[in-house]
Amino acid sequence: MRYSAFRIFTEGLTGNKGWKPVWREPDPKPEYDVVIVGGGGHGLSTAYYLAKEFGVTNVAVVEKGWLGSGNIGRNTTIVRSNYLLEGNQPFYELSMKLWEGLEQDFNYNAMVSQRGILNLIHSDPQRDAFARRANAMRLSGADSELLDRDGIRKMCPFLDFDNARFPIQGALWQRRGGTVRHDAVAWGYARGADSRGVDIIQNCEVTGFQIENGACRGVETSRGAIRARKVAVCVAGSSSRVMAKAGMRLPIESHVLQAFVSEGMKPVIPGVITFGAGHFYVSQSDKGGLVFGGDIDGYNTYAQRGNLPVVEDVCEGGMAIMPMIGRARLLRMWGGVMDMSMDGSPFIDRTHIDGLYFNGGWCYGGFKATPASGYCYAHLLATDRPHETAKHYRLGRFRRGAPIDEKGQGAQPNLH
Ligand SMILES: Cc1cc2nc3c(=O)[nH]c(=O)nc-3n(C[C@H](O)[C@H](O)[C@H](O)COP(=O)(O)OP(=O)(O)OC[C@H]3O[C@@H](n4cnc5c(N)ncnc54)[C@H](O)[C@@H]3O)c2cc1C
């Protein structure tokens, strides 16, 4: 069924009886060409592009909970392509281009809103670093601008420009950045994949891999064994636990990241704003709530709930740049488990086990990558060759001395 304004109109006239479920609820078949483990954004987009771009439709996505129960339904919805390094920037720009055409492509309203992202600058060295980043962005075809104080003041007069510790000196501005409704992304990809024949199997946990003579030939699940020619893992915060079942130890730690929403208020924040001297990012939802977040909780955990010290830290970050936030009441907060890699960059690669593929290590920036990650992972699964823009995301990059350390933090996963 195609969604359109005409369809809404005719359904309205006929009692809304013609709408169909957005995806089927099939039982698992005994065998598939590809089994994708994890029905988050990356798993669903992989299934969608496998079917749509590469004609591989005998595919199952197995999800231990319900679609959208993981980080795809927990993130702060920010999308951008303002990266610096050669290994990252073209990939995130590909993702941005896919976001721009996504709603037409999968015929679903994902509320893609390119309201711009403003990275504040608080010192001269930071201005130099952002100027370099802005140039790197342009080299990959992305848009970037450096704003002075007056340029920012026009957009955000409420910021504390003359804060004694963190005066605002300028900003890196990407107009094409913004927000996308996260759970609609999962639903849109699920619907697009399902309509092309992909089986989406919820409440089906992968409990082990069938490894025969060094090759992966299927998975054990809570709903029985499923054979497959290829098994593609993308379980985000559960990466280390799931890959351990195949005997693999990953360069990944899991940490919790919290997000916050204030009570609803009149439109005040034009796009996304990030604090340059601490870690705080904020946007405003269509309902009026300020949606914001900051650093991860520093300890390793698989629990989807955070601790109070980070709440205080995030709120202090917000107060430092926009003191008016102190008068808003916090409505709710939640946590998600992040797969933090040693250099802060992801993996999309085959493993040393034939037929077993891995996608993960997205740290806390994987939502914006959802379309490109699915596209490149589908390319790898269909052709057994890495996609050009994801060719640096190999598991062996540390052995080759080629980490992609976007933040320059070294092997400190909690700092990326
Ligand atoms: C609070 C918060 C804010 C964030 N903000 C942003 C942001 O603003 N911008 C941005 O780009 N990124 C952001 N992120 C990061 C982003 O959400 C993640 O990097 C991305 O969603 C991870 O990929 P995914 O969608 O596939 O993960 P998930 O949705 O977590 O999907 C993984 C799935 O695997 C399933 N699974 C796990 N184990 C098994 C198993 N054994 N068998 C079957 N299924 C299994 C899980 O149930 C889960 O549904 C944020 C994350 C959080 C938590």
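Visitor: How many aromatic pairs does the structure hold?
Guide: It holds 21 aromatic pairs, where rings of Phe, Tyr and Trp (its six-membered ring) pair if their centres lie within 6.5 Å; planes under 30 degrees apart count as stacked, over 60 as edge-to-face and the rest as tilted. One of them is Phe106 with Tyr189: the centres are 5.1 Å apart and the planes stand at 85°, so this pair is edge-to-face.
Visitor: Which helices do Phe106 and Tyr189 lie in?
Guide: Phe106 lies in helix 3 (residues 89–106) and Tyr189 in helix 6 (residues 182–195), so the pair ties together parts 83 residues apart in sequence. Helices (H or I, at least four residues) and strands (E, at least two) are DSSP runs, numbered from the N terminus. The model is predicted: local features need pLDDT of at least 70, side-chain atom pairs count only at pLDDT 80 or more, and totals for chains, interfaces and linings use all residues. Residues are numbered from 1 along each chain as its sequence is written, and side-chain values use heavy atoms, with hydrogens and water left out.
Visitor: Are Phe106 and Tyr189 buried or exposed?
Guide: Both Phe106 and Tyr189 are buried, meaning under 20% relative accessible area, while exposed is over 50% and partly exposed is in between (1.4 Å probe, protein chains only).
Visitor: What about Phe260 and Phe292?
Guide: Phe260 and Phe292 form a stacked pair, 5.4 Å centre to centre with 15° between the planes. Phe260 belongs to strand 12 (residues 252–264) and Phe292 to strand 15 (residues 289–300), so the pair ties together parts 32 residues apart in sequence. Phe260 counts as buried at 0% relative accessibility, and Phe292 is buried at 4%.
Visitor: New topic: what charged end sits over the ring of Phe161?
Guide: That of Arg153, 4.2 Å from the ring centre. A charge sits over a ring if NZ of Lys or CZ of Arg is within 6 Å of the ring centre and within 35 degrees of the ring normal.
Visitor: And the sheet, what is the strand order?
Guide: The open sheet of eight strands has the order 5-6-4-13-14-15-12-16, with mixed pairing. Two strands pair if DSSP finds at least two bridges between them. The edge strands are strand 5 (145–147) and strand 16 (330–341), each pairing on one side only.
Visitor: How many bridges join strand 4 to strand 6?
Guide: Five, and strand 4 (residues 117–121) and strand 6 (residues 170–174) run antiparallel. Leu118 stands opposite Trp173 in strand 6.
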